[in-house]
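Here is a short note to read beside the model. Take the points in order and find each residue as you go.

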Amino acid sequence: MAITEPSFGSDSAAVTTTAVLDGDEWVLNGEKIFVTSGERSSHVVVWASVDKSKGRAAIKSFVVPRDAPGLSVARLEHKLGIKASDTAVLLLQDCRIPKDNILGSPEVNVEQGFAGVMQTFDNTRPIVAGMAIGLGRAALEELRGILSEAGVEVDYDTPANNQHAAAAEFLALEADWEAAYLLALRATWMADNKKPNSLEASISKRRPVVPVLPFRSRPSSSRAATATRSDPCSRSGRAIRRSSTSSKARSRSNS
Ligand SMILES: Cc1cc2nc3c(=O)[nH]c(=O)nc-3n(C[C@H](O)[C@H](O)[C@H](O)COP(=O)(O)OP(=O)(O)OC[C@H]3O[C@@H](n4cnc5c(N)ncnc54)[C@H](O)[C@@H]3O)c2cc1C
């Protein structure tokens, strides 16, 4: 799907790519960035405005064959991760596609806004959630290993408030992760079964970010090694901000 442009990302109502009807063809012009599978896909769904004077209601999605005249890959991004998918910059220069390749109605309904194109996210958001859930799970397992090295074992048979603060934090993060996983399954099941899932799909994409947040403030490896010996909590950004009131926890963290 090609929505993002050099001038915007989150604000998907700011599309500047245009689509003009010329006889039996749409003529598309614009630049799209960060297009996942933009090079290897057979077709790309492109968001473009059919009438800029009518604002976001005029944004429509179009199915553009990769070999359509006027569509080219300008470059591929060199990413730090997600290496299994390519991320392309696409140029649309008088790109011609058949008139029927518009998704939905070409009519511009200002009352409806751009709810029509936004519905395309209902299927893609749970997939993005799936990636984040995999990352979140890996982050949790990494954290479990770090805690274990520091002598903190997560005990599923003891109440969280009777465990080391870092173990209790781990259990809270794992509960967040489980909730995110179940919601993504639900959003995906609803999409598969053609049930309206905009709410579930949106939340499912946002939710799995939570378990990964502690790793943002992770220290460098040398500092981390020192920190682990003196304070097992300090390698978890969230855990370090909480102090345990239990004497058992205090004695463990000082060991
Ligand atoms: C690997 C990868 C694959 C991608 N694949 C695709 C794709 O297939 N198709 C496609 O069209 N796009 C794709 N994108 C683009 C992606 O959708 C955008 O990166 C995303 O929309 C964010 O836009 P941005 O990077 O310009 O960040 P910005 O929109 O500039 O946001 C920067 C920061 O500001 C925050 N922010 C933004 N607006 C607000 C606000 N109103 N209030 C508060 N905070 C705000 C954001 O949360 C973020 O933290 C991809 C991106 C990546 C990294």
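Which residues of helix 2 are buried?

1. The model is predicted. In helix 2, the buried residues are Arg-125, Pro-126, Ala-129, Ala-132, Ile-133, Gly-136, Leu-143 and Leu-147. An α-helix has 3.6 residues a turn, so residues three or four places apart point the same way.

2. Now the helix as a whole. Helix 2 covers residues 121–149. It has 29 residues and reaches 41 Å from its first C-alpha to its last. That is close to the 42 Å expected at 1.5 Å a residue. Just after helix 2 comes Gly-151, with a positive phi of about 85°.

3. Thr-124 also sits in helix 2. Is Thr-124 buried, exposed or partly exposed? Thr-124 counts as partly exposed because it has 16 C-beta neighbours inside 10 Å; buried would need 20 or more.

4. Next, the strands. Strand 6 (residues 87–98) pairs with strand 2 in the antiparallel sense, over nine bridges. Within that pairing, Gly-30 has Leu-92 as its bridge partner. Strand 5 (residues 71–76) also runs antiparallel to strand 6, joined by five bridges. Here Arg-75 stands opposite Val-89.

5. Last, the ligand. Its surrounding residues include Met-1, Gly-9, Phe-34, Val-35, Thr-36 and Ile-82. Strand 2 (residues 25–36) gives the largest share of this shell, three residues. What is the make-up of the shell, by nonpolar, polar and charged residues? Six are nonpolar, five are polar and none is charged.

Key:
Residues numbered from 1 in each chain as written. Predicted model: local features only at pLDDT ≥ 70, side-chain atom pairs only at ≥ 80, totals over all residues. Near = placed C-beta within 6 Å. Helix = DSSP H or I, 4+ residues; strand = E, 2+ residues; numbered from the N terminus. Nonpolar A, V, L, I, M, F, W, Y, C, P; charged D, E, K, R; others polar. Buried ≥ 20, exposed ≤ 12 C-beta atoms within 10 Å, placed from the backbone. Expected span 1.5 Å × (residues − 1). Pairing = 2+ DSSP bridges.
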